[in-house]
Amino acid sequence: MDTFVDQKLVGRRSEQAVQAVNQTLQDFEKRFSAYDLSSEIAQINQNAGLSYVQVSKETFALLKLAKDYCTISEGLFDITIGPLTDLWNITGENPRVPDEKEIQKALELVDYRDLLLDEENCQVMLHRQGQKLNLGGMAKGAAGSQALEIARSFGVHSGYLSVGGNIFTLGKKEDGSAYRFGIRNPRGAASDYIGIVELTDTTMATSGDYERFFEKNGIRYHHILDPKTGYPGEGDLISVSVICEDGGMADFLSTALFLAGREKAMAYANADSFDFVLIDQEKNVYLSEGIKPFFTPNLEAVDYHFINILD
(Lines give C-alpha, C1' and ligand atoms only; values in the text may rest on other atoms or scores of the structure.)
Protein backbone atom coordinates (compact mmCIF):
# COMPACT_ATOMS: atom_id res chain seq x y z
CA MET A 1 0.00 0.00 0.00
CA ASP A 2 3.12 2.17 0.05
CA THR A 3 2.15 4.16 3.13
CA PHE A 4 2.76 4.72 6.84
CA VAL A 5 0.79 3.09 9.64
CA ASP A 6 0.22 4.62 13.07
CA GLN A 7 -1.77 2.95 15.83
CA LYS A 8 -2.69 3.26 19.48
CA LEU A 9 -4.64 0.39 21.01
CA VAL A 10 -5.90 0.14 24.58
CA GLY A 11 -6.83 -3.19 26.15
CA ARG A 12 -5.63 -6.09 28.24
CA ARG A 13 -3.78 -7.67 25.30
CA SER A 14 -2.97 -4.51 23.40
CA GLU A 15 0.66 -5.43 22.63
CA GLN A 16 -0.45 -8.69 21.05
CA ALA A 17 -3.16 -6.80 19.18
CA VAL A 18 -0.60 -4.41 17.68
CA GLN A 19 1.43 -7.35 16.38
CA ALA A 20 -1.70 -9.01 14.98
CA VAL A 21 -2.78 -5.77 13.27
CA ASN A 22 0.64 -5.41 11.65
CA GLN A 23 0.48 -9.00 10.41
CA THR A 24 -3.05 -8.49 9.08
CA LEU A 25 -1.98 -5.44 7.09
CA GLN A 26 1.05 -7.26 5.70
CA ASP A 27 -1.07 -10.26 4.69
CA PHE A 28 -3.61 -7.95 3.07
CA GLU A 29 -0.93 -6.27 1.00
CA LYS A 30 0.55 -9.60 -0.10
CA ARG A 31 -2.88 -10.68 -1.32
CA PHE A 32 -4.10 -7.47 -2.97
CA SER A 33 -1.04 -5.55 -4.16
CA ALA A 34 -0.86 -5.20 -7.95
CA TYR A 35 2.90 -4.74 -7.62
CA ASP A 36 3.65 -8.00 -5.77
CA LEU A 37 3.88 -10.53 -8.60
CA SER A 38 2.90 -13.37 -6.26
CA SER A 39 -0.36 -11.69 -5.11
CA GLU A 40 -3.76 -12.88 -6.26
CA ILE A 41 -4.41 -9.52 -7.91
CA ALA A 42 -1.15 -9.74 -9.86
CA GLN A 43 -2.05 -13.26 -10.94
CA ILE A 44 -5.39 -12.03 -12.26
CA ASN A 45 -3.61 -9.24 -14.15
CA GLN A 46 -1.05 -11.63 -15.64
CA ASN A 47 -3.81 -13.94 -16.88
CA ALA A 48 -6.04 -11.19 -18.27
CA GLY A 49 -7.81 -12.38 -21.42
CA LEU A 50 -6.34 -15.86 -21.01
CA SER A 51 -7.85 -17.78 -18.13
CA TYR A 52 -9.72 -17.64 -14.84
CA VAL A 53 -7.65 -17.50 -11.64
CA GLN A 54 -8.56 -19.34 -8.46
CA VAL A 55 -8.69 -16.91 -5.55
CA SER A 56 -9.44 -17.02 -1.84
CA LYS A 57 -12.94 -16.34 -0.56
CA GLU A 58 -11.69 -13.08 0.97
CA THR A 59 -10.30 -11.84 -2.34
CA PHE A 60 -13.43 -12.84 -4.23
CA ALA A 61 -15.67 -11.05 -1.72
CA LEU A 62 -13.63 -7.84 -1.93
CA LEU A 63 -13.57 -7.87 -5.72
CA LYS A 64 -17.32 -8.47 -5.84
CA LEU A 65 -17.86 -5.52 -3.49
CA ALA A 66 -15.45 -3.38 -5.52
CA LYS A 67 -17.34 -4.13 -8.72
CA ASP A 68 -20.57 -3.14 -6.97
CA TYR A 69 -18.95 0.19 -6.04
CA CYS A 70 -17.93 0.68 -9.68
CA THR A 71 -21.52 0.07 -10.74
CA ILE A 72 -22.94 2.45 -8.13
CA SER A 73 -20.60 5.22 -9.31
CA GLU A 74 -21.37 4.45 -12.97
CA GLY A 75 -17.70 3.90 -13.65
CA LEU A 76 -16.43 7.06 -11.99
CA PHE A 77 -14.70 4.65 -9.62
CA ASP A 78 -13.17 1.84 -11.67
CA ILE A 79 -10.81 -0.84 -10.34
CA THR A 80 -9.63 -1.75 -13.87
CA ILE A 81 -7.79 1.56 -14.01
CA GLY A 82 -4.45 -0.25 -13.74
CA PRO A 83 -3.25 0.49 -17.31
CA LEU A 84 -3.68 4.22 -16.65
CA THR A 85 -1.97 4.21 -13.25
CA ASP A 86 0.98 2.33 -14.77
CA LEU A 87 1.14 4.82 -17.64
CA TRP A 88 1.27 7.93 -15.45
CA ASN A 89 3.31 6.26 -12.66
CA ILE A 90 2.47 9.19 -10.38
CA THR A 91 3.21 7.28 -7.19
CA GLY A 92 6.44 5.85 -8.61
CA GLU A 93 9.94 7.25 -8.91
CA ASN A 94 9.59 8.50 -12.48
CA PRO A 95 6.12 9.98 -13.10
CA ARG A 96 5.45 11.46 -16.53
CA VAL A 97 2.76 13.06 -18.66
CA PRO A 98 1.81 10.52 -21.35
CA ASP A 99 0.87 11.66 -24.84
CA GLU A 100 -2.74 11.58 -26.01
CA LYS A 101 -2.33 8.38 -28.06
CA GLU A 102 -0.96 6.50 -25.06
CA ILE A 103 -3.81 7.69 -22.86
CA GLN A 104 -6.48 6.71 -25.38
CA LYS A 105 -4.93 3.27 -25.81
CA ALA A 106 -4.93 2.72 -22.04
CA LEU A 107 -8.47 4.07 -21.73
CA GLU A 108 -9.73 1.37 -24.09
CA LEU A 109 -8.72 -1.22 -21.48
CA VAL A 110 -10.54 0.44 -18.57
CA ASP A 111 -13.99 -1.07 -18.03
CA TYR A 112 -15.07 -2.61 -14.73
CA ARG A 113 -17.71 -4.65 -16.57
CA ASP A 114 -14.85 -6.75 -17.95
CA LEU A 115 -14.16 -8.13 -14.47
CA LEU A 116 -15.69 -11.62 -14.69
CA LEU A 117 -16.66 -13.26 -11.39
CA ASP A 118 -17.39 -16.98 -11.18
CA GLU A 119 -18.87 -17.19 -7.70
CA GLU A 120 -19.63 -20.92 -7.82
CA ASN A 121 -15.96 -21.81 -8.38
CA CYS A 122 -14.47 -18.74 -6.64
CA GLN A 123 -12.58 -17.74 -9.78
CA VAL A 124 -11.87 -14.35 -11.35
CA MET A 125 -10.81 -13.20 -14.81
CA LEU A 126 -10.30 -9.98 -16.73
CA HIS A 127 -11.93 -10.24 -20.13
CA ARG A 128 -9.17 -8.73 -22.30
CA GLN A 129 -5.39 -9.02 -22.44
CA GLY A 130 -3.63 -5.93 -21.13
CA GLN A 131 -6.32 -5.13 -18.58
CA LYS A 132 -5.18 -4.64 -14.99
CA LEU A 133 -6.81 -4.35 -11.60
CA ASN A 134 -5.68 -1.67 -9.16
CA LEU A 135 -7.47 -1.51 -5.81
CA GLY A 136 -5.73 1.65 -4.61
CA GLY A 137 -9.05 3.48 -4.37
CA MET A 138 -10.34 1.26 -1.57
CA ALA A 139 -7.51 -1.00 -0.39
CA LYS A 140 -6.36 1.05 2.61
CA GLY A 141 -9.94 1.43 3.81
CA ALA A 142 -10.74 -2.26 3.52
CA ALA A 143 -7.44 -3.27 5.13
CA GLY A 144 -7.92 -0.90 8.06
CA SER A 145 -11.43 -2.14 8.81
CA GLN A 146 -10.19 -5.71 8.74
CA ALA A 147 -7.30 -4.86 11.05
CA LEU A 148 -9.59 -3.11 13.52
CA GLU A 149 -11.75 -6.23 13.77
CA ILE A 150 -8.62 -8.20 14.61
CA ALA A 151 -7.82 -5.68 17.35
CA ARG A 152 -11.32 -6.15 18.79
CA SER A 153 -10.77 -9.92 18.92
CA PHE A 154 -7.85 -9.26 21.28
CA GLY A 155 -10.08 -7.34 23.67
CA VAL A 156 -9.08 -3.86 22.53
CA HIS A 157 -11.84 -1.48 23.63
CA SER A 158 -10.31 1.85 22.71
CA GLY A 159 -7.86 3.15 20.17
CA TYR A 160 -7.20 4.27 16.65
CA LEU A 161 -5.42 3.12 13.54
CA SER A 162 -4.12 5.39 10.78
CA VAL A 163 -3.29 3.82 7.42
CA GLY A 164 -1.98 6.42 5.01
CA GLY A 165 -4.37 9.09 6.21
CA ASN A 166 -7.35 6.76 6.59
CA ILE A 167 -8.42 6.95 10.23
CA PHE A 168 -10.17 4.10 12.08
CA THR A 169 -11.38 4.61 15.65
CA LEU A 170 -12.55 2.16 18.26
CA GLY A 171 -14.55 3.43 21.23
CA LYS A 172 -13.54 6.61 23.05
CA LYS A 173 -10.44 7.74 24.90
CA GLU A 174 -9.93 6.48 28.43
CA ASP A 175 -11.17 9.83 29.79
CA GLY A 176 -14.48 9.32 27.94
CA SER A 177 -13.89 11.91 25.24
CA ALA A 178 -13.99 11.23 21.51
CA TYR A 179 -10.86 10.88 19.43
CA ARG A 180 -10.12 14.10 17.58
CA PHE A 181 -8.31 14.36 14.25
CA GLY A 182 -7.46 17.30 12.06
CA ILE A 183 -8.41 17.59 8.41
CA ARG A 184 -5.33 18.79 6.62
CA ASN A 185 -5.17 22.16 4.94
CA PRO A 186 -4.75 21.01 1.32
CA ARG A 187 -2.76 24.12 0.43
CA GLY A 188 -0.69 24.31 3.60
CA ALA A 189 2.09 22.44 5.36
CA ALA A 190 1.57 18.87 6.55
CA SER A 191 0.84 20.13 10.08
CA ASP A 192 -1.72 22.77 9.01
CA TYR A 193 -5.40 21.92 9.41
CA ILE A 194 -8.73 23.50 8.48
CA GLY A 195 -10.74 21.86 11.24
CA ILE A 196 -11.02 19.10 13.84
CA VAL A 197 -13.40 16.13 13.58
CA GLU A 198 -14.51 14.04 16.56
CA LEU A 199 -14.64 10.34 15.71
CA THR A 200 -16.07 7.46 17.76
CA ASP A 201 -16.34 3.90 16.39
CA THR A 202 -16.10 5.14 12.84
CA THR A 203 -13.75 5.70 9.89
CA MET A 204 -12.59 8.75 7.99
CA ALA A 205 -10.97 8.56 4.55
CA THR A 206 -9.59 11.58 2.72
CA SER A 207 -8.79 12.02 -0.97
CA GLY A 208 -7.10 15.15 -2.25
CA ASP A 209 -4.97 16.56 -5.04
CA TYR A 210 -2.19 17.38 -2.56
CA GLU A 211 -1.40 13.86 -1.36
CA ARG A 212 0.66 12.51 -4.25
CA PHE A 213 1.46 14.61 -7.27
CA PHE A 214 4.17 15.96 -9.49
CA GLU A 215 4.49 19.23 -11.37
CA LYS A 216 5.57 19.87 -14.95
CA ASN A 217 5.56 23.20 -16.73
CA GLY A 218 3.74 24.72 -13.76
CA ILE A 219 0.88 22.18 -13.86
CA ARG A 220 0.06 19.93 -10.92
CA TYR A 221 -0.70 16.31 -11.87
CA HIS A 222 -2.19 14.43 -8.92
CA HIS A 223 -2.71 10.69 -8.46
CA ILE A 224 -6.54 10.55 -8.59
CA LEU A 225 -7.08 9.61 -12.22
CA ASP A 226 -10.46 10.04 -13.88
CA PRO A 227 -11.36 6.75 -15.64
CA LYS A 228 -13.58 8.72 -18.02
CA THR A 229 -10.81 10.98 -19.38
CA GLY A 230 -7.56 9.21 -18.52
CA TYR A 231 -6.19 12.36 -16.85
CA PRO A 232 -5.99 13.44 -13.19
CA GLY A 233 -9.42 14.65 -12.08
CA GLU A 234 -10.02 18.28 -13.04
CA GLY A 235 -13.13 18.98 -10.97
CA ASP A 236 -13.70 21.82 -8.52
CA LEU A 237 -12.79 19.88 -5.34
CA ILE A 238 -9.29 19.68 -3.86
CA SER A 239 -10.10 17.59 -0.77
CA VAL A 240 -12.87 15.21 0.23
CA SER A 241 -13.11 13.53 3.64
CA VAL A 242 -15.80 10.87 4.10
CA ILE A 243 -16.88 9.57 7.50
CA CYS A 244 -18.76 6.28 7.83
CA GLU A 245 -18.60 2.95 9.65
CA ASP A 246 -17.00 0.90 6.87
CA GLY A 247 -13.44 1.70 5.80
CA GLY A 248 -13.68 0.36 2.26
CA MET A 249 -16.84 2.35 1.63
CA ALA A 250 -15.30 5.53 3.04
CA ASP A 251 -12.23 5.09 0.82
CA PHE A 252 -14.36 4.47 -2.27
CA LEU A 253 -16.68 7.40 -1.59
CA SER A 254 -13.88 9.89 -0.98
CA THR A 255 -12.46 9.03 -4.41
CA ALA A 256 -15.80 8.97 -6.23
CA LEU A 257 -17.05 12.25 -4.72
CA PHE A 258 -13.73 13.95 -5.42
CA LEU A 259 -14.13 13.12 -9.10
CA ALA A 260 -17.88 13.84 -9.14
CA GLY A 261 -17.38 17.44 -7.99
CA ARG A 262 -19.01 19.72 -5.43
CA GLU A 263 -22.51 19.96 -6.86
CA LYS A 264 -23.04 16.22 -7.16
CA ALA A 265 -21.34 15.56 -3.81
CA MET A 266 -23.57 18.09 -2.02
CA ALA A 267 -26.61 16.14 -3.20
CA TYR A 268 -25.65 13.62 -0.48
CA ALA A 269 -25.47 16.20 2.32
CA ASN A 270 -28.34 14.47 4.16
CA ALA A 271 -27.29 10.87 3.55
CA ASP A 272 -27.89 8.45 6.43
CA SER A 273 -24.96 6.14 5.76
CA PHE A 274 -22.07 8.62 5.57
CA ASP A 275 -20.95 12.21 6.15
CA PHE A 276 -18.36 14.38 4.47
CA VAL A 277 -16.21 17.50 4.54
CA LEU A 278 -15.58 19.06 1.12
CA ILE A 279 -13.03 21.73 0.17
CA ASP A 280 -13.20 23.34 -3.26
CA GLN A 281 -10.75 25.25 -5.43
CA GLU A 282 -11.90 28.59 -3.96
CA LYS A 283 -11.11 27.28 -0.44
CA ASN A 284 -14.78 27.01 0.50
CA VAL A 285 -15.47 24.32 3.10
CA TYR A 286 -18.78 22.42 3.08
CA LEU A 287 -20.13 19.91 5.60
CA SER A 288 -22.90 17.33 5.44
CA GLU A 289 -25.57 17.78 8.08
CA GLY A 290 -24.59 14.81 10.24
CA ILE A 291 -21.00 15.86 10.85
CA LYS A 292 -21.67 19.47 11.86
CA PRO A 293 -22.00 18.76 15.62
CA PHE A 294 -18.66 16.92 15.55
CA PHE A 295 -16.63 19.44 13.54
CA THR A 296 -14.71 22.42 14.93
CA PRO A 297 -13.43 24.79 12.24
CA ASN A 298 -9.98 26.32 12.54
CA LEU A 299 -10.92 29.96 12.14
CA GLU A 300 -7.25 30.83 11.84
CA ALA A 301 -6.95 28.88 8.58
CA VAL A 302 -6.11 31.72 6.23
CA ASP A 303 -8.40 32.33 3.26
CA TYR A 304 -10.78 29.44 4.04
CA HIS A 305 -14.50 30.15 4.01
CA PHE A 306 -16.75 27.95 6.13
CA ILE A 307 -19.86 28.15 3.99
CA ASN A 308 -22.51 26.09 5.81
CA ILE A 309 -20.77 25.36 9.10
CA LEU A 310 -21.39 28.34 11.31
CA ASP A 311 -25.09 28.77 10.39
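Start with Lys132 and Asp86. They form a salt bridge, with the closest N and O atoms 2.8 Å apart. By salt bridge I mean a side-chain nitrogen of Lys or Arg within 4 Å of a carboxyl oxygen of Asp or Glu. The pair links distant parts of the chain, 46 residues apart. Lys132 sits in the loop between strand E4 (123-126) and helix H6 (139-153), and Asp86 sits in helix H4 (residues 82-88). Helices (H or I, at least four residues) and strands (E, at least two) are DSSP runs, numbered from the N terminus.

A word on the source. This is a predicted model, where local features need pLDDT of at least 70 and side-chain atom pairs count only at pLDDT 80 or more, while totals for chains, interfaces and linings use all residues. Residues are numbered from 1 along each chain as its sequence is written, and side-chain values use heavy atoms, with hydrogens and water left out.

Now, exposure. Buried means under 20% relative accessible area, exposed means over 50%, and partly exposed is in between (1.4 Å probe, protein chains only). Lys132 is partly exposed, at 34%. Asp86 is partly exposed too, at 36%.

Next pair: Asp209 and Arg187. Their closest N and O atoms are 2.8 Å apart, in a salt bridge. Asp209 lies in the loop between strands E9 (203-208) and E10 (213-216), and Arg187 in the loop between strands E7 (179-184) and E8 (193-199), so the bridge ties together parts 22 residues apart in sequence. Asp209 is buried, at 5% relative accessibility. Arg187 is partly exposed, at 33%.

Then Asp111 with Arg113. That salt bridge has its closest N and O atoms 2.9 Å apart. Asp111 is buried at 18%, whereas Arg113 is exposed at 56%.

There is also a network. Salt bridges link Glu149, Arg152 and Asp201. In total, the structure holds 12 salt bridges.

On to the nonpolar side. A nonpolar core is a set of buried Ala, Val, Leu, Ile, Met, Phe, Trp, Tyr and Cys residues joined through side-chain atoms within 4.5 Å. The largest one has 58 residues. Which members touch the most others? Ile44, Leu63, Ile79, Leu133, Leu135 and Val242. Helix H7 (residues 247-260) gives the most to this core: seven residues.

Take Leu135. Leaving aside neighbours within four places in sequence, Leu135 is in contact (heavy atoms within 4.5 Å) with Phe32, Ile41, Leu62, Leu63, Ala66 and Ile79.
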